[in-house]
Structure formats: C-alpha cells, structure tokens
Amino acid sequence: MSFRQRISHELRAEVGARLRLLREERHISQEEIAFAAEVTQASISNYENGRNEIPLSVLLSVCDFLGVPLSEMLPMANLDRKSTRLNSSHSQQSRMPSSA
C-alpha cells in the first residue's frame, strides 16, 4: 500500500469513527442519518467502517443533521493552532518583497 493510499484509508477510518461516535452519542440510527443525507443505510455503514470515502456533500448534510461543525468531523481539527499560525506567517513573510 502506498503512502497516499494509507493516508486515505486512515482518513476514511477516522472520519467514519467520528461519525459513529457522534451518531451513537445522540442515539440516532444509521437509517435516520441516511434519510437526512439522502443516502442508503448501507452507505452510512460503509462510511462508519472506513470502507468508502464520504463525499463532502454527504458529510455536510450529516454535520448539519447532527448539529456539529465540519471541523469536528475532520482529524485536522486536532492540530495545534499555534504551529499552524507560525507556518502561515512564515509563508506570508517569504512572499513579501524585501525593502532595500
């Protein structure tokens, strides 16, 4: 398995696990989520088990139905914001013209 395939698989698994956790915390069935997102119950099961990648449109519908922001479903939400800001400011500085 290539690095890209492994990352894709890990991302699907993480998003799926978060979907299942949030759904179960709210005592919502896969069928209810599927109806709200206009997909099948089997699709929700496949997303939760990391077998299929969840399309963004479906993920947005699920987030809306669960009442959570998209960032709560994504593993990148756990990144340290300080390091993100530092990297951002560094790239902005490298693009600025130097004054002579």
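Biologist: Which residues of the largest nonpolar core touch the most other members?

Modeller: Among its 17 residues, they are Leu19, Ile33, Val62 and Leu66. Helix 4 contributes the most to this core, with five residues. The model is predicted: local features need pLDDT of at least 70, side-chain atom pairs count only at pLDDT 80 or more, and totals for chains, interfaces and linings use all residues. Residues are numbered from 1 along each chain as its sequence is written, and side-chain values use heavy atoms, with hydrogens and water left out.

Biologist: What makes a set of residues a nonpolar core?

Modeller: Its members are buried Ala, Val, Leu, Ile, Met, Phe, Trp, Tyr and Cys residues joined through side-chain atoms within 4.5 Å.

Biologist: With which residues is Leu19 in contact, neighbours within four places in sequence aside?

Modeller: Contact means heavy atoms within 4.5 Å. The partners of Leu19 are Ile33, Ile44, Tyr47, Glu48, Val62, Leu66 and Met73.

Biologist: Why is Gln30 called buried?

Modeller: Buried means under 20% relative accessible area, exposed over 50%, and partly exposed in between (1.4 Å probe, protein chains only). Gln30 has a relative accessible area of 13%, and is therefore buried.

Biologist: What makes the pairing of the Gln30 and Gln41 side chains a polar contact?

Modeller: The term requires a pair of N or O atoms within 3.5 Å; within protein, one must be able to donate a hydrogen and the other to accept it, and residues adjacent in sequence count only if both atoms are side-chain atoms. The side chains of Gln30 and Gln41 make such a contact at 2.4 Å. Gln30 also touches Arg20, Arg23, Ile44, Ser45 and Glu48, among residues beyond four places away in sequence.

Notes
Helix = DSSP H or I, 4+ residues; strand = E, 2+ residues; numbered from the N terminus.
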